[in-house]
Amino acid sequence: MLNSGEILNTVEMIQKENLDVRAVTMGISLLDCRRETVAASCQAIKAKIHKFAGNLVAVCEEVSTEYGIPVVNKRIAVTPVAHIGAGFDAAGFVEIAKALDEASSEVGVDFLGGFSADVANGMTPGDRELIAAIPPALNGTQKVCASVNVGSTRYGINMDAIALLGQTVKDLAAQSAAIGGFAAAKFVVFTNQPGDNPFMAGAIHGLGQNEIVINVGVSGPGVIARALERKIAQDSHQSLGLHDLAEEIKRTAFRVTRSGELIGRQVAKVLNVSFGVVDLSLAPTPKVGDSVGEIIQILGVDVIGAPGSTAIVALLNDAVKKGGMFASQSVGGLSGAFIPVCEDHALADAVRNDTLHLEKLEAMTSVCSVGLDMIAIPGSVDAATISAIIADEMAIGMINNKTTAVRLIPVPGKEAGDFVSFGGLFGESAIAPVLNAGQSARFIEFGGKIPAPIHSLRN
Amino acid sequence: MVQSPRHYVISVMSRDHVGIIHEVSKVLQNLNGNIADVRQSVLCGYFTMILLASFPASVTRRDIERKLAEADAHSESVLEATVCEADQATMTLAAPRPENIYVLTASGVDRVGIVAVVSGFCEKHRINILDLSTAISNGDYVMILLVNLNQHVSINAVRTDLQCFAHETGLKVVLQHYDIFKAVNEINLPLR
């Protein structure tokens, strides 16, 4: 029997601090769904999703009720569709996206990730067709998310792909101008993309995974923020050092991870599929109190973006991993603090107040997961500049052996300081200015590759 | 033919002082009693213990009571002891299944009848209380109950009724699976 202090602390964590499991994502291999024609392949894909994910939502609800811990998002990640559709044209890929969308709606999941390709070391004709299909596919569907891996520490960065994708981002936004360019929020460009990430928009069921897996994303930053506030209030008479606060984050991360693992393994058991990983990422939501930005402020900078912000994110990110690693048998995915501007009200406020800029966000992404995420920029920013922003972020990931990503929304018709709202979990934000836009075209026109980095002399 | 041993449940209460457990266990030892299980607790300076022990068939309940009374006579403070023969059927009752064990906490301003009200709710829903303790937290009186939920009762129905109960009584009540508490506080993950 646990002691009453442990019981009461746990009750507090669940009730007041809104402990939940942020995402249960079923990874489904579609490798056996390829048929002679697009239509037959779509049928096979839908049948497979129904077969394995048909009960996913119901089982998540059941386990969540039993344990009294909400499972916020139920999702599906599939084998990168470029592998399934190779040989089809862009129109064929759009049909596959529609089939994925229909299947997702029918089984009741929130999103499906995996309209994806890996072009880190070069592009196949199939990859090229998939990339061409991304704007119509995402604008013609509700739940499908796309991602392209353009670089890796092993292979370097594919600048030809990045040159294409700057335009893809522009097209996505332009074709969804009526909803603030929202389609761009469902597309993310990666370097070192993991194949077991349960979070959208970058979830895929990579090659080298089991046929079907359950991956879970742990609870959001709110639990960590409340634990830190409580620690600071309780120990106000003592001189708390940052190491003490790091320790508090670590302990809380242990608890949060444990809950995620327990629920995820139970869901996998009931569905009779294998359990994959717990992703330790702290994913904010636009809700007040569930923000990584708030943690940055709690840890001592008055405005986000002020000097010290990057160091705080580094401390947070590392402490979460240390707590989570011991708590879980298998940690994977992105596993780091997210700083998605629109989805985090404190970060969005900082952008609106002009204290947080793209450049500081970029610095912060070098010490945390996952990159320049959900940042609304002026619709007038040219494709080459977007490509160059992507290249900068990819370079951080490639050189530092980590995952980085870019999800920018060039909001059509809006300029820096204007406001955009996407609603729901996608949040809202002021449009962030892009300094020196239009000055990078010659760099992008070179194309080719940035060679893989040296693996010694690491400084 | 050797007769099988007899099992007794013995409870002892006394003002706490050094040596109570030795005083009691010495009595049992002298009667060739073998202690199988013990729970012991001290509350506000009062000691209480309940134990299960087996004795040779020749030892009667009266024998045990008499010897405990002798120990009481020599003890620093009064030892109030009760002895009863354990019912075999009760002793072999299956332990509750881990998936049915929940923690119920109820908190509110301390007042007369709070325990009766909460335990009344449990009785009405055929919820067996396995362990009960109380604490004061942030000025509130908190009851912490480890309960065994009847597996034929739907957890959803209990939660719904619990919400009404909380509303009627002004208590804050939380029902949460015990595995969650174990998962976040213990080294081992409680996998099924």
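Two strands pair if DSSP finds at least two bridges between them. Helices (H or I, at least four residues) and strands (E, at least two) are DSSP runs, numbered from the N terminus. This is a predicted model: local features need pLDDT of at least 70, side-chain atom pairs count only at pLDDT 80 or more, and totals for chains, interfaces and linings use all residues. Residues are numbered from 1 along each chain as its sequence is written, with chains lettered from A and ligands numbered from 1 in written order.

Chain B, then. β2(B) and strand β3 (residues 46-55) of chain B run antiparallel, joined by nine bridges. B:Ser41 has B:Thr48 in β3(B) as its bridge partner. Both strands sit in an open, antiparallel sheet of four, ordered β2-β3-β1-β4. Its edges are β2 (34-43) and β4 (79-85), each pairing on one side only.

Now the interface. Chain B supplies 23 residues and chain A 21; contact means C-beta atoms, placed from the backbone, within 7 Å. α6(B) gives the most on chain B's side, six residues.

From α9(A), the contact uses A:Arg255, A:Arg258, A:Ser259 and A:Leu262. From α6(B) come B:Asp179, B:Ile180, B:Ala183 and B:Val184.

Technical notes:
Contact = placed C-beta atoms within 7 Å.
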